[in-house]
Amino acid sequence: MDAGCLYVVATPIGNLEDITARAVRILSEVHVIAAEDTRHSRRLLDHFGILTPVRSYHEHNEAVRTEEFVAALAEGKNIALITDAGTPCISDPGYRIVHEARKAGFPVAAIPGPCAVTAALSVSGLPTDAFTFHGFFPRKPGDANRLMDKMTEWSTTHIFYESPNRLTATLGRLADEFPDAQVVVARELTKKFEEVVSGTAGSVQEHFNHARPRGECVVLIHTESADPGASLDDEAIRAQVADLMASENLSQRDAIRRVSQMLHVPRNRVYAAATRSPWNR
Ligand code: SAM
């Protein structure tokens, strides 16, 4: 008997017309659909006349369900994995069953389609050659600071999911750290009130201070700008950071931020100069 296949099926992030023809066919043909929220998915399945049995699969039962589903694959049953919206496993349940199915040697097939990360990036107008998706923006200030420090090291477009009630606070943090960077917020993509706002983090925050954000949001930021400090010597930058740390008792992080503002040099440039090992100078 052939083993079953686990299909990882993307579903719309708002507009039902965005489901693919292949996704509808696979959802109709498999033996069972593993859904994050069965009631939520029932609406989608009813809309397309899909009668396949649905089983719940979410973070609270994923260990038990993974065992059941892997056993079903061994019996030759085909399973489609879906979540409430978009691509399973992308800030959504699914990782464990995909991991275990692959580990057991069963076929796993992607049925690609909507995903808020790529949809937002594609309309952002920010550089797309390299991008880094961080999932939801960290809630704890310490975690957020550590991540923003790391972001200064990478020259990519950084992408976050964010809830509407934390959006302006997150934009405020980004404005403090990256006052000149280009920021885009993509809200309610593919839905009636779709909105894409761009500017500096400060100006986008200002926009949402006046028009309270609702619905679902993706935040994108490109931290590298043209290097206005290209003519500055790394050693001079490093010395300024060290001076500030000593004279004002600042942490390295705060000193880097101050020097970046004083010299109008991107923080990643100051960070690189200040943290370069003495052996590489
Ligand atoms: N797996 C999904 C995907 O492929 O995009 C993401 C699931 S995650 C739990 C939900 C988050 O995705 C939302 O809080 C929001 O940040 C983002 N999101 C989902 N749909 C969106 C939409 N239509 N417009 C903007 N952001 C969206």
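The shell around the ligand in this predicted model is made up of 11 nonpolar, three polar and five charged residues, where Ala, Val, Leu, Ile, Met, Phe, Trp, Tyr, Cys and Pro count as nonpolar, Asp, Glu, Lys and Arg as charged, and the others, Gly among them, as polar. Local features need pLDDT of at least 70 and side-chain atom pairs count only at pLDDT 80 or more, whereas totals for chains, interfaces and linings use all residues. Residues are numbered from 1 along each chain as its sequence is written, and side-chain values use heavy atoms, with hydrogens and water left out.

Because domain 1 (6-114) and domain 2 (117-223) both contribute residues to this shell, the ligand lies between them; the domain bounds come from an automatic or database domain assignment.

In all, 19 residues surround the ligand, and the closest are Thr 87, Asp 92, Ala 116, Tyr 161 and Cys 217, a residue being near if one of its heavy atoms lies within 4 Å. An oxygen atom of the ligand is 2.7 Å from an N or O atom in the side chain of Tyr 161, a polar contact being a pair of N or O atoms within 3.5 Å.

Definitions and conventions: Polar contact = N/O pair within 3.5 Å; in protein donor to acceptor, adjacent residues only side chain to side chain.
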